[in-house]
Amino acid sequence: FTTAFVLYIYRHPVSRSKMMSSESATPPAERLQSLSAVGASVQIKKDISPIKYFRSGIQMEKVARAYAKEGDLERAYKILHRFITLFIEKLPKHPLYKKAEASRMKEYSKKIHGALDLASDIKQRLSDQYATEYQSFLERQKRNEIAKLAEAQSKLEECKDYNLKSVTMDPVTDDSQSALMVIEEQHPEDSMSDYCKPKQNYESSSSIDSSNYILEQRKPSVDRSLKPATNINEIVSPTLDGLRCVKIPERLPEYFLAVVQKNTASNIETCGILSGHLMKEVFQVTHVIIPKQHGTADSCTTEEEEEIFDYQDSRDLVTLGWIHTHPSQTSFLSSVDLHTQYSYQIMMPEAIAIVCAPRYNQTGYFTLTRDDGLDIIGNCKEVGFHPHPSHPILFEECKHICLDSTHEVQLVDLRST
Ligand SMILES: [Zn+2]
Ligand SMILES: [Zn+2]
């Protein structure tokens, strides 16, 4: 019976309870509050018409339903909360709110009521889920405390035996010393020295001194079973930077450039709307809708936007961003582009801007930076081309996209209809 062997036995005094994934150390009200915080910063821009907000609202509701269907209630609740903040609190303050086309607004309002019911249903389900998860955390914590007390008690008992045996044991050999060091490396998280140290007179032996040094240098023990459980939604929903991945058919820019070639050759910009749907936890771009529009060398303005919305609505598509050409410039987002991107991204955080610059053989996939870009553009009251501060950075290359060679894209050219 060597010292090392005695120590080894002490390493496994009580088996730890297994961590369950369906629990949380955060109180339910706090968790709901953190989901709601996202929507509060949404700004209403007067250059985006109330009708356009309503159309986006209907798409937000569609996305929320898709999330709920996948079981991702938190994401569904976040988007619905943003939606409610926009439509109940902020949109009525829009200067054009009362002038908006009454019949359309009435039609959209009806659809939006469904979203309110959905939000309250999801809130209730989340509240129940959080309460259960918090309760099971509290119960396990209580069980852990009881187990710890029992563990301390049993170690004290074993210490008595250990010190008794130490007195009658042979001096520690070099072999047992190295065995001890190996055990230390294998079980760095376990602690026994707090409970059981050799008696003072035994520590004066040089070999035991060095073993004690190893014990004291170790990091404090951590009870990993107390770590807050990972949220189950994060396990089932792969995200990048908290965003769902947007899958883009890799030849989409090439096809788009081919269809709008005539404009590009005349140095006229063309834009299209990226559309698709939530499919197996990613947003898949399936269509590019090219609306009626008029363009210049550095801008393009859509017309008859109702057609885009009707096309999307009849096929259950949602807007996932936009694409446009820079016939004679490089690929970047101009000040006007930044404001356009804001209007997409505020409704759908995953929305992206693709900029094709064929003269420079460049294709950029951009998004506003989530802190500075969204905040600065959201608060900027300027219209048309205007300077923005060069720092901080307002837009960046998207990290949440992946180019996909397995899906084709359909180009829908509404210009000729
Ligand atoms: Zn541009
Ligand atoms: Zn601006």
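Which residue in strand 8 is the bridge partner of Ile354? It is Tyr365. This is a predicted model, in which local features need pLDDT of at least 70, side-chain atom pairs count only at pLDDT 80 or more, and totals for chains, interfaces and linings use all residues. Residues are numbered from 1 along each chain as its sequence is written, and side-chain values use heavy atoms, with hydrogens and water left out.

**Zinc ion (ligand 2)**
- His339 (NE2), Cys380 (SG), His386 (NE2) and His388 (NE2) coordinate this zinc ion at 2.0 to 2.2 Å. Donors are N, O and S atoms within 2.8 Å of the metal (3.2 Å for Na, K and Ca); water is not among the atoms, so sites may look incomplete.
- Angles among the 4 donor atoms run from 93 to 120°, and the site is tetrahedral (four donors, all angles between 85 and 135 degrees).
- Along the chain, the donors are spaced H-x40-C-x5-H-x1-H.
- Distant parts of the chain are linked here: His339 sits in helix 13 (residues 335-345), and His386 lies 47 residues away in the loop between helix 14 (372-379) and strand 9 (395-397). Helices (H or I, at least four residues) and strands (E, at least two) are DSSP runs, numbered from the N terminus.
- His339 and His386 are both buried (under 20% relative accessible area; exposed is over 50%, partly exposed in between; 1.4 Å probe, protein chains only).

**Zinc ion (ligand 1)**
- Its protein donors are His324 (NE2), His326 (NE2) and Asp337 (OD), at 1.9 to 2.1 Å.
- The donor spacing in sequence is H-x1-H-x10-D.
- His324 in strand 6 (residues 318-325) and Asp337 in helix 13 are 13 residues apart, and the pair links distant parts of the chain.
- Both His324 and Asp337 are buried.

- Strand 7 (residues 352-357) pairs with strand 8 in the antiparallel sense over 5 bridges. Pairing requires that DSSP finds at least two bridges between two strands.
- The hairpin of strand 7 and strand 8 has 4 residues between the strands, and Asn361 there takes a positive phi near 55°.
- Strand 8 and strand 9 run antiparallel, joined by 3 bridges.
- Leu368 stands opposite Phe395 in strand 9.
- Strand 8 (residues 362-368) has 5 of its 7 residues buried, so the rest of the structure largely encloses it.

**Helix 2**
- Arg31, Leu32, Leu35 and Ser36 are the buried residues of helix 2 (residues 28-36).
- These residues lie on the same side of helix 2, because they cover an arc of only 140° around the axis (taken from the directions from the helix axis to the C-beta atoms).
- Exposed Ala29 and Gln33 are on the face turned away from the buried side of helix 2.

Notes:
Chains lettered and ligands numbered in written order. Tetrahedral: all angles 85-135°; square planar, octahedral: opposite > 155°, others 65-115°.
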